[in-house]
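I opened my notebook to look a few things up in this structure. My entries follow, in the order I made them.

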Amino acid sequence: MFLLSLVTWLWLLGNSSPSTPSLVLPKFLMNLNPADLFTVDDDDCATFHAHPTQSQFEAFAQKHPHTTSLSMSFEHPNHDPPPLDFSRIHLPSLTSLELACANVGLLQLTSDNPPSITSIDLHNLLDDFALRLELPELVSFDAEHSFVGGPLSQPNDFGLSLSRCPKLETVRTYKFRGLAGRNFCVCPRLYSLTLYRSECTDSLDILSAPALVELNVRAAYGMRHLRVRDFPSVTMEDAIALNAAEAAATYVMSCLFVFVCVCLCLFVFVCVCLC
């Protein structure tokens, strides 16, 4: 009777409804034709109509290396799409990136993969993601309802990303959250910075921003440390060094806290044994 019940249960599991998330994803994504997955117009502007897998995204980049504009804008999916790793995507001609309701694990954009990108627009990214930007031509960065975090994220990534985009002029965000660390930054051309409702953001330390005329941190309730300095001789390398030192200090303090907790536990254990 037990074996019959087990076999019946396994059969039902294997023939479950197509609405089950674990079964919808392969059927919905893996069998799509490229024409159904994305389109590319005569100006090399690409639009994805369904969320790709990592392998599909990489195949697209290999086939369309001259893409100038990339848009992934979806409704909230009824399945759990796989996270995308942008560090493995090479689009040397890309100038504009728009992501909405996409699942991104690592948004790493540097001079090695899209060196010409000038604008980034993020909306409602589905899960926590790591942010690492190093873009020599980036001018504008917009983000809404997205959380920086996850296993690949590091403290101060936001400050480092600002500092490594020397032509950045505007940063406009709403509920762009989780910007951990002190976030030391040097922004030579930045004139407008908005972090409206940026929850879970502790600190922002601007070492130099000579063009800054607008700074908005309204309703950033978790921000405990905000400084705007005027160090004319400070460089991007100085910001990188400060962020690295702060991250190392945080790691040492975490290790020390664990060590103290272990010592206290051992002390209590010894006291109990002796009593």
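**Entry 1**

I began with a charged pair: K167 and E137 form a salt bridge through their side chains, at 3.0 Å from N to O. The model I am reading is predicted. Where do K167 and E137 lie? I found K167 in the loop between α5 (157-163) and β10 (170-177). E137 sits in the loop between β8 and β9 (140-147). The two are 30 residues apart in sequence, so the pair ties those parts together.

Next I looked up accessibility. K167 has a relative accessible area of 29%, so I wrote it down as partly exposed. E137 has 31% relative accessibility and also counts as partly exposed.

**Entry 1: other salt bridges**

How many salt bridges does a search of the whole structure find? It finds 6. I followed some of them.

R172 pairs with D142, and their closest N and O atoms are 3.0 Å apart. This pair links distant parts of the chain. R172 is in strand β10, D142 is in strand β9, and 30 residues separate them. Are R172 and D142 buried or partly exposed? R172 is partly exposed, at 40% relative accessibility. D142 is buried, at 18%.

R197 has a relative accessible area of 23%, so I noted it as partly exposed. E199 has 19%, so it went down as buried. I also noted a network: salt bridges with shared partners join R182, D205 and R229.

**Entry 2: a buried charge without a salt bridge**

Then I turned to D85. Its place is in strand β4, residues 84-85. D85 is buried, yet it has no salt bridge. Which side chain of opposite charge is nearest to D85? It is R88, at 4.6 Å.

What does the side chain of D85 meet in a polar contact? I found the side chain of S87, at 2.5 Å. I then left out residues up to four places away in sequence. On that count, D85 touches Q54 and L106.

**Entry 3: the sheet with β4**

I looked for the sheet that holds β4. It is an open sheet of 3 strands in the order β4-β6-β8, and the pairing is parallel. Which strands stand at the edges? They are β4 and β8 (130-134). Each has a single partner strand, so one side of each has no neighbour in the sheet.

Strand β6 (residues 104-110) and β8 run parallel, joined by 5 bridges. L106 came up again here: its bridge partner in β8 is A130.

I found another open sheet, with 9 strands. The order is β1-β2-β3-β5-β7-β9-β10-β12-β14, and the pairing is mixed. β1 (38-40) and β14 (214-216) are the edge strands. From one strand to the next, the twist averages 10°.

I looked at one end of the order. β1 and strand β2 (residues 45-48) run antiparallel, with 3 bridges between them. F38 stands opposite F48 in β2.

**Entry 4: a proline in a loop**

Where is P92? I found it in the loop between β4 and β5 (96-100). P92 is partly exposed, at 29% relative accessibility. P65 is 27 residues from P92 in sequence, but their C-alpha atoms are 6.7 Å apart in space. With residues up to four places away in sequence left out, P92 touches P65, N113, P115 and S116.

**Entry 5: the whole chain**

I ended with totals. The protein chain has 6 helices and 15 strands. Of its 275 residues, 39% are buried. I also looked up contacts with a separation of 6 or more: 44% of them join residues 24 or more positions apart.

Terms used. Residues are numbered from 1 along each chain as its sequence is written. This is a predicted model: local features need pLDDT of at least 70, side-chain atom pairs count only at pLDDT 80 or more; totals for chains, interfaces and linings use all residues. Side-chain values use heavy atoms; hydrogens and water are left out. Helices (H or I, at least four residues) and strands (E, at least two) are DSSP runs, numbered from the N terminus. Buried means under 20% relative accessible area, exposed over 50%, partly exposed in between (1.4 Å probe, protein chains only). Lys and Arg count as positive and Asp and Glu as negative; His and the chain ends are not counted. A salt bridge is a side-chain nitrogen of Lys or Arg within 4 Å of a carboxyl oxygen of Asp or Glu. A polar contact is a pair of N or O atoms within 3.5 Å; within protein, one must be able to donate a hydrogen and the other to accept it, and residues adjacent in sequence count only if both atoms are side-chain atoms. Contact means heavy atoms within 4.5 Å. Two strands pair if DSSP finds at least two bridges between them. Axes are lines fitted to C-alpha atoms, for helices over the stretch in contact, and angles run from 0 to 180 degrees between N-to-C directions.
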